[in-house]
Amino acid sequence: MKREQIVKKLLNILRDEFEIDDPDLNANLTEEYEFDSIDAIALLEYVEDFIASPLTQEEKKKAMEIRTINNICDFIMGVMQTRA
């Protein structure tokens, strides 16, 4: 899957599930959009669906440090490449 496809899917999830419209891809989700830890956990479930595989505990810990949409894309691409 290409990065552009990942960004598009993420933007749809953020819009539909978290009511975040047209976000800055480099903005800190917590500071700019009040994205909290509960939102982050919910987003991880969407990421697991996205990659069609459960995340390991180590991957989940790493994901909790993510702050921007670009970071999320990098994370997803890294996980997908590791599992390919």
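Visitor: Which residues does Met64 touch, not counting residues up to four places away in sequence?

Guide: Contact here means heavy atoms within 4.5 Å. With sequence neighbours up to four places away left out, Met64 touches Ser37, Ala40, Ile41 and Leu44. Before we go on, this is a predicted model, in which local features need pLDDT of at least 70 and side-chain atom pairs count only at pLDDT 80 or more, while totals for chains, interfaces and linings use all residues. Residues are numbered from 1 along each chain as its sequence is written, and side-chain values use heavy atoms, with hydrogens and water left out.

Visitor: Where is Met64 found, and is Met64 buried, partly exposed or exposed?

Guide: Helices are DSSP runs of H or I with at least four residues, strands are runs of E with at least two, and numbering starts at the N terminus. Met64 is in the loop between helix 4 and helix 5. For accessibility, buried means under 20% relative accessible area, exposed means over 50%, and partly exposed is in between (1.4 Å probe, protein chains only). Met64 comes out partly exposed, at 31%. From Met64 to Phe75 you go 11 residues in sequence and 11 Å in space, C-alpha to C-alpha.

Visitor: Phe75 makes me think of the core. Which residues of the largest nonpolar core touch the most other members?

Guide: The general idea is that in soluble globular proteins, nonpolar side chains tend to be buried together. A nonpolar core is a set of buried Ala, Val, Leu, Ile, Met, Phe, Trp, Tyr and Cys residues joined through side-chain atoms within 4.5 Å. The largest one here has 24 residues, and Leu10, Phe35, Leu43, Phe75 and Ile76 touch the most other members. At least two residues of this core come from each of helix 1, helix 3 and helix 5.

Visitor: Let's pick Phe35. What is Phe35 in contact with, leaving aside its neighbours within four places in sequence?

Guide: Phe35 is in contact with Leu14, Phe18, Ile20, Leu29, Thr30, Ala40 and Leu43.

Visitor: Now the pockets. How much space lies in the largest pocket?

Guide: Picture a 1 Å grid over the protein atoms alone: a pocket is an open set of points where a 1.4 Å probe fits, with protein on both sides within 12 Å along at least five of seven lines, and lining residues have an atom within 4 Å of a point. Grid points are joined across faces, edges and corners, and the volume is the space filled by probe spheres set on the points. In this model the largest pocket holds about 210 Å³. It is lined by 15 residues, and Phe35, Ala40, Leu43, Ala63 and Ile66 are the closest to its centre. Helix 2 (29-33), helix 3 (37-51) and helix 5 (69-83) are the elements giving two or more residues to that lining, with the largest share, 5 residues, coming from helix 3.

Visitor: How many nonpolar, polar and charged residues are in that lining?

Guide: Ala, Val, Leu, Ile, Met, Phe, Trp, Tyr, Cys and Pro count as nonpolar, Asp, Glu, Lys and Arg as charged, and the others, Gly among them, as polar. The lining has 11 nonpolar, 2 polar and 2 charged residues.

Visitor: How many salt bridges does a search of the whole structure find?

Guide: Side chains of opposite charge can pair when their charged atoms come close. The test for a salt bridge is a side-chain nitrogen of Lys or Arg within 4 Å of a carboxyl oxygen of Asp or Glu. The search finds 4. One of them joins Arg3 and Asp74, at 2.7 Å from N to O. Arg3 sits in helix 1 (residues 3-18) and Asp74 in helix 5, so this pair ties together parts 71 residues apart in sequence. Arg3 is partly exposed at 25%, and Asp74 is partly exposed at 43%.

Visitor: Which residue forms a salt bridge with Arg83?

Guide: That's Glu59, with the closest N and O atoms 2.4 Å apart. Arg83 in helix 5 and Glu59 in helix 4 (residues 57-63) are 24 residues apart, so to speak a link between distant parts of the chain. Arg83 is partly exposed at 34%, whereas Glu59 is buried at 15%.
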